[in-house]
Amino acid sequence: MFNSKITGIGHYVPDTIVTNHDLEKIMDTSDEWIQERTGIKERRFYKPDEKGSTAKMAYKASLMAMERAKVTADDIDAIVFATLSPDYYFPGSGVLLQDMLKMGTKPAIDVRAQCSGFIYSLSIADQFIKTGMYKRMLVIGSETQNIALDMTTRGRGMAVLFGDGAGAVVLERTEEKGKGILSTHLFSQGEYADALCIREPGTNSSGKIAYEGIDEKHELIHPQMDGQLVFKNAITRMPEATMTALAANNLTPDDIDMFLPHQANLRISQMVQRFLKLPDEKVYNNIQKYGNTTAATLPILLSDLWEQGRIKEGQLFALAAFGSGFTWASALIRW
Ligand SMILES: CC(C)(COP(=O)(O)OP(=O)(O)OC[C@H]1O[C@@H](n2cnc3c(N)ncnc32)[C@H](O)[C@@H]1OP(=O)(O)O)[C@@H](O)C(=O)NCCC(=O)NCCS
């Protein structure tokens, strides 16, 4: 069995910054409400006139990750692509990226695990590399979420939370023991599928969107969430998954050099931090400037830290995510 390690990290966020004050102008909300409940100050939105945004942002993040890993698309054996906001209903965005990168007939795997999508994808790529099937893979999280949000007062409970962006890592085979991805732990609980979802277009109800009467279909075509249920589960499941990962590797929270929680809400991250008894300098949050970018969140956090020179050889990173599904997951990485 081989190990896999991250050799390059990249990200891309759209230029358009949408502040809480910008939102105050189009819905009944306030900077104070948003910051107090979520910690978010601003987020990025992809402009609606730019088509193909999820795959395009992934392309830009991938180029950065490959450049930093000093490889080209010719060196990549396969793509694993996580998103809840694909460019098409089908096919997934993985093949669009595969085409943009001119990867011939190499495979692209699409993953739908929402906020846990990046760790799920990392885990899938890790297994392919461990078994020796592939040597080097691109793992992507990319989201264009603003187009699905209801940007009126009716949709304010969700609209203020999300942002757009993409992150990518190059994962490759290493024979160094005790380095790279130490473990991934994945969980789901489908009984809560309706607690955070967009129902249409889906085959469960009408099977197709009828444009007639679309205004009355607010509950179906925009994201819906039982916020308090999600909150309660997130603050329990993320520490639980992290503790499971630590126990599996004979480690404790004291061994963590940096903890990266999925960025759904700064209050959730702070509660998870308290549960794990981690000091502030060992936890990194950037939700203040990007909002919740779902599958893109963790690779954007990693890329931010990489750019700040805060990823050092030998450090132990713990990643945890929770989101729609419910799905949740953890990963331990030794650099
Ligand atoms: C979304 C969240 C911040 C809402 O906080 P909350 O304390 O549960 O707030 P509620 O939804 O109960 O709403 C409280 C009040 O604020 C109002 N409100 C909701 N959104 C608002 C907004 N953007 N601006 C102003 N007021 C708002 C509500 O209408 C409600 O008013 P009412 O008391 O008059 O009915 C919180 O539930 C949360 O973070 N949940 C988890 C989110 C998450 O993790 N999502 C993604 C998973 S990956």
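Q: Which residue follows α5, and what is its phi like?
A: This is a predicted model. In it, G132 follows α5, and the phi of G132 is positive, near 90 degrees.

Q: Back up to α5 itself. How far apart are its end C-alpha atoms?
A: They are 20 Å apart. Helix α5 covers residues 117–130, which is 14 residues. At 1.5 Å a residue those should span 20 Å, so the two values agree.

Q: Is α5 largely enclosed or exposed?
A: Largely enclosed by the rest of the structure, because twelve of its 14 residues are buried.

Q: Switching to domains. What does the assignment give?
A: Domain 1 (3–176) and domain 2 (181–334). Their centres, taken over C-alpha atoms, are separated by 14 Å.

Q: How many residues does each side put into the contact?
A: Domain 1 puts in 50 residues and domain 2 puts in 43 residues.

Q: On the domain 1 side, which elements give two or more residues?
A: The strands are β1 (3–12), β3 (42–44), β6 (136–143) and β7 (165–174). The helices are α2, α5 and α6.

Q: And where does the largest share come from?
A: From α5 again, with seven residues. By class, the side of domain 1 that touches domain 2 has 21 nonpolar, 18 polar and eleven charged residues.

Q: Now the ligand. How many residues surround it, and which are closest?
A: 20 residues surround the ligand. The closest are T29, R156, G227, A264 and G323.

Q: Which elements give two or more residues to that shell?
A: α2 (31–38), α6 (156–159) and α8 (227–248). Of the elements, α8 gives the most, with five residues.

Q: What does each domain give to the shell?
A: At least three residues come from each of domain 1 and domain 2.

Q: How does the shell split by class?
A: Ten nonpolar, eight polar and two charged residues.

Q: Last topic, the whole chain. How many helices and strands?
A: Eleven helices and 13 strands. The radius of gyration is 19 Å, close to the 20 Å that the globule rule gives for 335 residues, so the chain is as compact as a globular protein of that length.

Q: What share of the chain is buried?
A: Buried residues make up 48% of the 335 residues.

Q: And what share of contacts join residues at least 24 apart?
A: 79%, among contacts between residues at least 6 apart in sequence.

Conventions: Residues numbered from 1 in each chain as written. Predicted model: local features only at pLDDT ≥ 70, side-chain atom pairs only at ≥ 80, totals over all residues. Helix = DSSP H or I, 4+ residues; strand = E, 2+ residues; numbered from the N terminus. Expected span 1.5 Å × (residues − 1). Buried ≥ 20, exposed ≤ 12 C-beta atoms within 10 Å, placed from the backbone. Near = placed C-beta within 6 Å. Nonpolar A, V, L, I, M, F, W, Y, C, P; charged D, E, K, R; others polar. Domains from an automatic or database assignment. Contact = placed C-beta atoms within 7 Å. Rg over C-alpha atoms; globule rule 2.2 N^0.38 Å.
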